[in-house]
Amino acid sequence: MPDFVIPQPPVPAIPVSGGGSFPVRRVYCIGRNYAAHAVEMGHDPNRESPFFFQKNPDNLDSSGSFPYPPHSSDVHHEVELVVALKSGGTNIPVADALSHVWGYAVSLDMTRRDLQNEAKKLGRPWEIAKSFERSGPVGPLRPASEVGHPDHGRIELKVNGAVKQEGDLNQMIWKVPEMIAYLSEYFELKAGDVIMSGTPSGVGPVKRGDEMVASIEGLGSLTVTVV
Ligand code: MN
């Protein structure tokens with residue numbers, strides 16, 4: 001046991017359906033990975049190089065509530081498939097990539113859109129818009145040994161019962177194995193790394209009291225109340 005000079009912070013983790021929890025090392029998030037969402041954000045939907053940003057591991061939250069963050073009046077929902085890695089490496093071939101996946105979950109990449117738009121305009125980084133407290137609500141992780149490796153199926157978000165986002169996992173511009181391979185060229189991936197794989201179109205604002213229900217075919221749903 002290292003001789004820590006302050007108490008060790010808790011290890012960020014995602015609960016696993018059926019028991020146990022998955023410790024999180026890093027959280028990589030891809031931007032504009034569904035063509036219709038790229039278009040709604042004012043960008044070219046053609047396949048250009050992917051780009052990634054990161055959330056903090058302890059931004060992931062499984063409490064079922066999302067505290068509306070300060071300094072924003074335009075906080076948006078983005079429903080996303082989470083990919084959790086049990087191993088990693090560098091320069092992972094696309095053909096081997098899925099062998100590193102432990103499981104999958106439903107998540108929300110909550111975004112202070114007004115601060116993100118300002119950051120984009122000023123050429124500043126996105127952390128203030130993306131990596132704030134509890135900005136990554138996440139449902140229970142489902143092992144690939146049970147659910148396989150979903151590459152198609154409905155992905156949806158409802159707010160107060162109304163469908164706001166809908167798409168299909170097969171609309172991803174960069175597929176899960178390609179994201180793993182690409183990231184591994186730039187970073188050393190390791191067990192505990194998590195990838196948030198982008199959102200379909202229909203992103204929009206939430207307000208306190210809203211109930212968000214995110215779902216992905218085969219993975220179940222995640223209900224989060226904005227408080
Ligand atoms: Mn996102």
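# Reading a manganese site, a core and a pocket

Modeller: Let's start at the metal: Glu78 (OE), Glu80 (OE) and Asp109 (OD) coordinate the manganese ion at 2.0 to 2.2 Å. Donors are N, O and S atoms within 2.8 Å of the metal (3.2 Å for Na, K and Ca), and water is not among the atoms, so sites may look incomplete. This is a predicted model, where local features need pLDDT of at least 70 and side-chain atom pairs count only at pLDDT 80 or more, while totals for chains, interfaces and linings use all residues. Residues are numbered from 1 along each chain as its sequence is written, and side-chain values use heavy atoms, with hydrogens and water left out.

Biologist: What spacing do the donors of the manganese ion follow along the chain?

Modeller: The pattern is E-x1-E-x28-D. Glu80 sits in strand 8 and Asp109 in the loop between strand 9 and strand 10 (111-112), so this pair, 29 residues apart, links distant parts of the chain; helices (H or I, at least four residues) and strands (E, at least two) are DSSP runs numbered from the N terminus.

Biologist: Is Glu80 buried or exposed?

Modeller: Buried means under 20% relative accessible area, exposed over 50%, and partly exposed in between (1.4 Å probe, protein chains only). Glu80 has 1% and is therefore buried; Asp109, also at 1%, counts as buried too.

Biologist: How many residues does the largest nonpolar core have?

Modeller: A nonpolar core is a set of buried Ala, Val, Leu, Ile, Met, Phe, Trp, Tyr and Cys residues joined through side-chain atoms within 4.5 Å. Here the largest has 40 residues, and Leu81, Leu108, Ile180 and Met212 have the most contacts inside it. Elements supplying at least two of its residues include strand 8 (79-85), strand 9 (101-108) and helix 5 (176-186). Contact means heavy atoms within 4.5 Å, and the residues that Leu108 touches include Glu78, Leu157, Met212 and Val224.

Biologist: And which residues line the largest pocket closest to its centre?

Modeller: Rolling a probe the size of a water molecule over the atoms shows where empty space is left. A pocket, on a 1 Å grid over the protein atoms alone, is an open set of points where a 1.4 Å probe fits, with protein on both sides within 12 Å along at least five of seven lines; lining residues have an atom within 4 Å of a point. Of the 13 lining residues, Phe51, Phe52, Phe53, Gln54 and Phe187 are the closest to the centre. Strand 4 (52-55), helix 3 (127-130) and helix 5 each give two or more residues to this lining.

Key
Lists of a residue's contacts leave out its neighbours within four places in sequence.
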